[in-house]
Amino acid sequence: VISQGSADMLPNLRGGAWDPHNHNAVATITDSSLHFWDLRSMKRSNAIEHAHIRDVDYNPKKQNIIATAEDEFGIRLWDLRMLKHPLKDLPGHSHWTWAVRHNPEYDELILVSLSPSPSRPRSLARV
């Protein structure tokens, strides 16, 4: 999906996710930000700027809730209606958090992919 406002981001596009509650909404990850797009207007609707995000996943059970895997903060939960501050930081996931996924059946269970750290075991996060 390319719009005039997104063409300059293509070389830095790292990933993204479709909103399961709104098929006209998509989140894209660039080098330093997470952008939310409205595909009907082909315009950016919102963003989380200067967050070094590696992965994003929408909660399939709760509308407007996403989880992000970030370089500096590990796992964060966000409400798309209030992006100034995360809903929750999940401590203990700060060493190279690569991916995050919501469980499709249990909305309080999140799968996290981490790189090995000698001081921290791999784990599942419960919110």
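Two strands are said to pair if DSSP finds at least two bridges between them, and the views below apply this to a predicted model.

**View 1. Strands β5 and β6 and the bridges that join them.** Strand β5, which covers residues 53–58, runs antiparallel to strand β6, residues 65–70, and five bridges join the two. One of these residues in close-up is tyrosine 58, whose bridge partner in β6 is isoleucine 66.

**View 2. The open sheet of four strands.** The strands follow the order β5-β6-β7-β8, with antiparallel pairing. Because β5 and β8 (88–90) stand at the edges and each has a single partner strand, one side of each is left without a neighbour in the sheet. On average, and with direction ignored, neighbouring strands of this sheet are turned by 20 degrees against each other.

**View 3. The largest nonpolar core.** This core has 14 residues, and those with the most contacts inside it are Leu34, Phe36, Ile48, Val56, Tyr58 and Ile66. Two or more residues come from each of the elements β2 (25–29), β3 (34–38) and β5, and of these β5 gives the most, with three residues.

**View 4. The surroundings of valine 56.** When its neighbours within four places in sequence are left aside, valine 56 is in contact with Gly16, Ala17, Ala27, Ile29, Leu34, Ile66, Ala67, Thr68 and Arg101.

Note on methods. Residues numbered from 1 in each chain as written. Predicted model: local features only at pLDDT ≥ 70, side-chain atom pairs only at ≥ 80, totals over all residues. Heavy atoms only, no water. Axes fitted to C-alpha atoms, helices over the stretch in contact; angles between N-to-C directions. Core = buried A, V, L, I, M, F, W, Y, C linked by side-chain atoms within 4.5 Å. Buried < 20%, exposed > 50% of the residue type's maximum accessible area, 1.4 Å probe, protein only. Contact = heavy atoms within 4.5 Å.
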